[in-house]
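Hi,

Here is the model I promised to pass on.

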Amino acid sequence: MEDWYFEYDIHKNRPGLLGDISSLLGMLSINILTINGVENTRRGLLIQVEDRQKISVLRQLLRHVNSIQVTALRQPTLIDRIALRHGRFIARESSDLKTYKFTRNELGILVDFLGELLKRPGHQVIGVRGMPRVGKTESIVAASVYANKHWTFVSSTLIKQTVRTDFDPDERNPSTNVYIIDGIVSTRRAGEEHRRLVREVLKIPGPKIIEHPDIFVRHSEYGWDLFDRIIELRNTPDEEITYEELPCVLSDYE
């Protein structure tokens with residue numbers, strides 16, 4: 001059995017349209033696992049099929065359904081599954097598709113998305129960009145709990161300023177830990193022993209999250225190619241994330 005993501009935009013929302021689509025899938029013996037509206041006139045379905053050839057047949061038949069336009073018929077991505085779960089899409093930066101955008105009222109979606117990423121094995125570095133007190137660290141901790149992993153602060157200001165210079169043996173296990181680095185503290189408030197630990201952490205084959213990646217890149221030897229994904233968190237969609245007035249931002253870390 002294979003899962004597929006089927007999404008369509010409704011051109012004419014006539015009575016019985018969903019029933020017709022469901023009947024078509026039923027005639028092809030394609031099971032519907034999940035169905036949800038995703039933003040206004042768009043609907044998404046998670047379907048399951050035994051024979052992949054039936055997806056080709058479905059694709060051909062849907063070309064003759066004038067009331068809808070198929071926008072996706074593919075094996076589901078993480079973003080597809082999150083969209084179905086919450087009934088809304090995750091916004092992405094059009095010029096940089098590895099950048100994902102969230103607002104504070106979407107923290108539930110952010111925690112789900114980030115938590116699913118943290119479940120994945122192997123090396124990954126995720127940057128979390130946002131102004132102070134927008135909910136970055138809290139979301140990272142919640143996502144770590146979601147992924148059933150321990151959050152390990154390499155540097156932080158969540159309760160008081162944390163600057164680590166060494167780890168306990170159990171903190172070096174990449175399969176059970178999420179390593180959290182505050183880019184401001186690690187590059188502007190820490191000594192060489194801490195920076196040595198940061199370099200060591202970034203080589204660990206497990207998930208690392210760097211808050212304030214802009215400052216981290218600006219004041220370290222690392223570039224943007226270090227990051228697999230960037231997450232932006234804002235209070236409002238139009239809020240500007242800026243560190244131009246650096247002393248004002250850094251004053252929150254005194």
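This is a predicted model: local features need pLDDT of at least 70, side-chain atom pairs count only at pLDDT 80 or more; totals for chains, interfaces and linings use all residues.

For the ring pairs, I count rings of Phe, Tyr and Trp (its six-membered ring) as paired if their centres lie within 6.5 Å, with planes under 30 degrees apart called stacked, over 60 edge-to-face and the rest tilted. Searching the whole structure on that basis turns up 6 aromatic pairs. One of them is Phe102 with Phe113: the ring centres are 5.9 Å apart and the planes sit at 35 degrees, so this pair is tilted.

Residues are numbered from 1 along each chain as its sequence is written, and side-chain values use heavy atoms, with hydrogens and water left out.

Back to that pair. Helices (H or I, at least four residues) and strands (E, at least two) are DSSP runs, numbered from the N terminus. Phe102 belongs to strand β6 (residues 96-103) and Phe113 to helix α4 (residues 107-119), so the pair ties together parts that are 11 residues apart in sequence. Buried, for me, means under 20% relative accessible area, exposed over 50%, and partly exposed in between (1.4 Å probe, protein chains only). Phe102 is buried at 2%, and Phe113 is buried too, at 1%. Together with Tyr100 they form one aromatic cluster.

Of its 25 residues, Phe102, Phe113, Leu114, Leu118, Ile209 and Ile231 touch the most other members. Helix α4 gives the most to this core, with 6 residues.

Then there's strand β11 (residues 177-182). How many of its residues are buried? It's 6 of the 6, so the strand is largely enclosed by the rest of the structure. Asn177, Tyr179 and Ile181 cover one side, and Val178, Ile180 and Asp182 the other. Strands count as paired if DSSP finds at least two bridges between them. β11 runs parallel to β8 (residues 150-153) over 4 bridges, and 4 bridges also join β11 to β12 (residues 207-211), again parallel. Ile180 stands opposite Phe153 and has Ile209 as its bridge partner in β12.

Cheers

Note on methods: A nonpolar core is a set of buried Ala, Val, Leu, Ile, Met, Phe, Trp, Tyr and Cys residues joined through side-chain atoms within 4.5 Å.
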